[in-house]
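Keep the sequence and the structure side by side.

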Amino acid sequence: MESSKWIAAVASIWIQCSCGASYAFGIYSPVLKSSQGYDQSTLDTISVFKDIGANAGIISGLLYAAVCRRRRRHAPPSSLSGPWVVHGAGAVQCFVGYFFLWLAVTGAIPRPHVGVTCLFMFLAAHAQTFFNTANVVTAVQNFPDYSGTIVGLMKGFLGLSGAVLIQVYQTLFAGKPSTFLLMLALVPTLLSVVLMFFVRVHHVQSRGDEKKYLNGFSLISVILAAYLMFLIIIGNIFALSQWIRVLTLVVLLVLLSSPIKIAVEANKDDLQFTPSTLKTPLVEENLSLVENKAAVLDVGSEEMNLLQAMRTLNFWLLFTAMLCGMGSGLATINNISQIGESLGYTSRERSTLVSLWSIWNFLGRLGAGYISDIFMHNKGWGRPLFMVLTLATMTGGHVIIGSGFPGNLYVGSVLVGICYGSQWSLMPTITSEIFGVLHMGTIFNTIAIASPLGSYLLSVRVIGYIYDKEGSGMGNSCSGAHCFMLSFFILACVSLFGFFVALVLFVNTRGVYAGIVRRRMS
């Protein structure tokens, strides 16, 4: 099949659906803790290295810029240029990291030092930044007019990946979390190797009906999320037989394959739209130069590199807001199993909470990108306004989790999960609009460091410390609402501070977004 930006989008979607293993940490963290004899603070430290690896994507951003910026238009796929190089680097790290963790958990190697475990946890999660950078930045260049929607799609499918991987695990390897680690070493690696050559930048004329096909992708993602939620709820109520689980997995795989149909239809329309005169080399080259320039100018008012961006107030406002929002969100998901255990939730209920988090995460990522695009195109509203709203809502979610009333985790995780996902969709798009698209991968991955940094401060220094101090049971365990109440009231204060910082960013960037709206209307 001839490569196109639509085929590239589908390949990226499939890779995104497999590479979010960091969101399933709650599934294998108990066996990692028990097999290695860790206490809660040690486990939280390992989870912080996971968060650093999954979010500190500066290297992936620099690599993407190096292999894609000066790529010749007709360079063969085998040359060391293009997004496939970034995918390949991610595949190697994914396999090495998770395979080592599997060896450690199964006892195939002597129990490693905590520092070594942290290193390979970092390596396994770091692969995600390479997959994500290659897919997101390529997608923004392919669809510059709808950057919010396409980033929401890419980030949304990444958010769903945790639930997808867990469904595969529960169908094929239920009750064997160590085998889940082996699956994480193999599935994302093999899938990215097979698909990475399809993920390429295609500078073609923007079509008036691009939104129609992007809406088709969005519809499929919503149906997929609804189906996954259905499976999670049904699995929590009934004990499904193996043949039913296999059947549901087959349906899931069919849904995951359906975006290719939309891509084929969109590709046919693009081929019909492109006149044969554009096939001449001179016209094609000139068209490419114009479209490259248009794509760049349409996204942001300025083109800054990382150092230039770091000298601006807007960079640090965005970084601080993400420190508060993403940091508190990561601290929640990393401890959700332990919170449920302390409140008397069953093992199945805790697994359900982890799976549902992926759904809420997805809804936030897709919804924030899609809705912010609508309001910016129709009303001229700046995207930072939606960051303000999500941080305010997240504050309420942390208060609900800390209160400890029956069912609080279901309510609180919905609010925090949606708001956390929204920030992951809004932040890269805001980055491209304020600082430009040329160095987008490097800049948004630098800002993403705020997430593991905030997670370390809140998970280890706040949640882990208070939990171990409150713990008095066997293995330093803690039972009751008091175990996490103070911690989450502190998290609520942190996200409230982030709300005020995001509000300043919104006010400070009103001129930037007014310029973007004027250019898109002209």
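In which helix does L389 lie? L389 belongs to helix α16, residues 384-403. Helices (H or I, at least four residues) and strands (E, at least two) are DSSP runs, numbered from the N terminus. This is a predicted model, in which local features need pLDDT of at least 70 and side-chain atom pairs pLDDT 80 or more, while totals for chains, interfaces and linings use all residues. Residues are numbered from 1 along each chain as its sequence is written, and side-chain values use heavy atoms, with hydrogens and water left out.

L389 is partly exposed, because its relative accessibility is 49%. The scale runs as follows: buried is under 20% relative accessible area, exposed is over 50%, and partly exposed is in between (1.4 Å probe, protein chains only). The C-alpha atom of L389 is 10.0 Å from that of S422, 33 residues apart along the chain.

Now take the whole chain. It has 21 helices and zero strands. Of its 522 residues, 58% count as buried. Contact means heavy atoms within 4.5 Å. Among contacts between residues at least 6 apart in sequence, 84% join residues at least 24 apart.

Y23 gives an example of such a setting. Y23 sits in the loop between α1 (5-16) and α2. Y23 counts as buried because its relative accessibility is 8%. Leaving aside neighbours within four places in sequence, the contacts of Y23 include Q128, L158, V354 and Y420.

Next come the aromatic rings. A pair of rings is described by the distance of the centres and the angle of the planes. Rings of Phe, Tyr and Trp (its six-membered ring) pair if their centres lie within 6.5 Å; planes under 30 degrees apart count as stacked, over 60 as edge-to-face and the rest as tilted. By this rule there are 21 aromatic pairs. The rings of Y28 and F180 have centres 6.3 Å apart and planes at 50°, so this pair is tilted. It links distant parts of the chain: Y28 is in helix α2 and F180 in helix α8 (residues 177-195), 152 residues apart. Y28 is buried, with a relative accessible area of 0%. F180 is buried, with a relative accessible area of 0%.

The rings of F99 and W102 are also tilted, because their centres are 5.5 Å apart and their planes at 35°. F99 and W102 both lie in helix α5 (residues 83-106), three residues apart, about one turn of the helix. F99 is partly exposed at 27%, and W102 is partly exposed at 22%.

F25, Y28, Y98, Y169 and F180 form one aromatic cluster. The charged end of K50 sits over the ring of F25, 5.2 Å from its centre. That wording requires NZ of Lys or CZ of Arg within 6 Å of the ring centre and within 35 degrees of the ring normal.
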